[in-house]
Amino acid sequence: YIQMESLTSFQHSVSLVLWVILFFALLLALITMNFMTNSIVKPIKDVQKFAQRIGEGDTSNEYIYYSDLEINQLNQSMNEMVNKLNAQDETQRSFFQNVSHELRTPLQIIKSQTESAQVGISSISDVSKIIHKEVDHLSELIDDILVLSRLESKSNELVKSSNDLRETF
């Protein structure tokens, strides 16, 4: 006759200890998984927010170092893109300021000449010559703007090819 109560009691206590260990291991695994997931997802969310800000027109740089090489390179590329966008905006602003000045000058000359003809300071024939000259100047400016516009729209369609210069000459 063997006493089984102590073995059964021992089995229950080992079983309980194993369940407790399993519970704590599972809890530790969940905490570790949550930490690792956040460490991976947070930089991606930051870069996504940065891209969204750029899409909304906020072109301020965001220089943040990420330990993940690919995400860090993506952030650097996006900062370079922001710098290029800012440079293009500045170029465009400067272009429009120059164009508006260049167009305003002949118009101002035409206006002053017509006013002088209305008052009787200048003769109509002199004024008409000046107006004709300034209208030609305006037409040249507008033609130049149209040429620039066509060149810019076709710049993406540029086809590169290899040519033998001897044949070209």
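I looked up the packing of helix α2 (residues 69–119) on helix α3 (residues 124–154): the angle is about 165 degrees and the axes are 9 Å apart. Helices here are DSSP runs of H or I, at least four residues, numbered from the N terminus. Axes are lines fitted to C-alpha atoms over the stretch in contact, with angles from 0 to 180 degrees between N-to-C directions. The two helices are therefore roughly antiparallel (over 145 degrees).

I noted that this is a predicted model, where local features need pLDDT of at least 70, side-chain atom pairs count only at pLDDT 80 or more, and totals for chains, interfaces and linings use all residues. Residues are numbered from 1 along each chain as its sequence is written, and side-chain values use heavy atoms, without hydrogens and water.

I then checked Gln113, which lies in α2. Gln113 counts as buried, at 17% relative accessibility (buried is under 20% relative accessible area, exposed over 50%, partly exposed in between, with a 1.4 Å probe and protein chains only). Beyond its neighbours within four places in sequence, Gln113 contacts Ser122, Val127 and Ile130 (heavy atoms within 4.5 Å).

Last, I searched for aromatic pairs and got 2 (rings of Phe, Tyr and Trp, the latter by its six-membered ring, with centres within 6.5 Å; planes under 30 degrees apart are stacked, over 60 edge-to-face, the rest tilted). Phe23 and Phe24 are edge-to-face, at 5.6 Å centre to centre and 65 degrees between the planes. Phe95 and Phe96 are also edge-to-face, at 5.6 Å and 65 degrees. I recorded Phe95 as partly exposed at 32%, and Phe96 as partly exposed at 48%.

Key: Parallel < 35°, antiparallel > 145°, perpendicular 65-115°, else oblique.
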